[in-house]
Amino acid sequence: MRLFLLVFLGACAPPPYDPVDTGTDLGTYIDITWPPNEYQATGCVTVVVDWGGITLTDPMVSPDSVDGQGHYHIAYENGYALCTKPYCLVGFSGPDGIAGTEDDLSEGVKELRAELVDNEHAPLEDEDGDVISDTVQVVVTQGECTEGSPVAY
């Protein structure tokens, strides 16, 4: 029984998350570590990020702007997902999606953009005034999400 449970849980494990501790301050950044570019996604995809310079917080719990706190959005065609953990499941189909849009995401190559934001959802910028973000392209096919229920938190 115990072996079956371990095998079952292993099959549901999220993609690898292996933060790199370089021993140096990299500043404030976000990098998409999963999925790889041009990943084939049906119905949804789990996005995994590595980040630095802020503590990820839930804006429902801490809605006021606080230095060093924030979360990230995964922006995509017709919406975005609000994310407070290194893993964020982004749904592409359904009547409202996870961002409250009414249209399904069309099929084809789509860009997912991870953007660091403060507790009030304002984009964080680097020293050059550019939004701190990273992008990856996924190939979207409509269908039932096989990675779980699309929930951003």
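Threonine 57 counts as buried in this predicted model. Its relative accessibility is 12%, and the cut-off for buried is under 20%. The residue sits in the loop between strand E4 (55-56) and E5. A loop residue, then, is buried here. What does threonine 57 touch, leaving aside residues up to four places away in sequence? The list is Gln69, Gly70, His71, Thr84 and Asn119.

Now step back to the whole chain. The protein chain has 1 helix and 9 strands. How do contacts span the sequence? Take the contacts between residues at least 6 apart in sequence. Of these, 65% join residues at least 24 apart. The chain exposes about 8,800 Å². Carbon and sulfur atoms supply 52% of that area.

Next come the charged pairs. How many salt bridges does the structure hold? It holds 2. In one, lysine 110 pairs with glutamate 77, and the closest N and O atoms are 2.9 Å apart. This pair links distant parts of the chain. Lysine 110 lies in strand E8, glutamate 77 lies in the loop between E5 and E6, and 33 residues separate them. Are the two partners buried or exposed? Lysine 110 is buried, at 12% relative accessible area. Glutamate 77 is partly exposed, at 30%.

Another salt bridge joins arginine 113 and glutamate 115. Here the closest N and O atoms are 2.6 Å apart. Arginine 113 is partly exposed, with a relative accessible area of 26%. Glutamate 115 has 17%, so it counts as buried, because the limit is under 20%.

Return to the loop between E5 and E6. Asparagine 78 is also found there, between strand E5 (69-76) and strand E6 (79-83). Asparagine 78 is partly exposed, with a relative accessible area of 36%. Where is phenylalanine 92 relative to asparagine 78? The two are 14 residues apart in sequence. In space, their C-alpha atoms are 9.6 Å apart.

Finally, look at the surface. Glu125, Glu127, Asp128 and Asp130 form a negative patch there. Aspartate 128 belongs to the loop between strand E8 (108-117) and strand E9 (133-141). Aspartate 128 has a relative accessible area of 61%, so it is exposed; the cut-off for exposed is over 50%.

Technical notes: Residues are numbered from 1 along each chain as its sequence is written. This is a predicted model: local features need pLDDT of at least 70, side-chain atom pairs count only at pLDDT 80 or more; totals for chains, interfaces and linings use all residues. Side-chain values use heavy atoms; hydrogens and water are left out. Helices (H or I, at least four residues) and strands (E, at least two) are DSSP runs, numbered from the N terminus. Buried means under 20% relative accessible area, exposed over 50%, partly exposed in between (1.4 Å probe, protein chains only). Patches are made of residues with over 30% relative accessible area and no salt bridge: like charges are joined within 9 Å, nonpolar side chains (Val, Leu, Ile, Met, Phe, Trp, Tyr) within 5 Å. Accessible areas come from the Shrake-Rupley method with a 1.4 Å probe; for residues, only the protein chains shown count as cover. A salt bridge is a side-chain nitrogen of Lys or Arg within 4 Å of a carboxyl oxygen of Asp or Glu. Lys and Arg count as positive and Asp and Glu as negative; His and the chain ends are not counted. The place of a charge is taken as NZ of Lys, CZ of Arg, CG of Asp or CD of Glu. Contact means heavy atoms within 4.5 Å.
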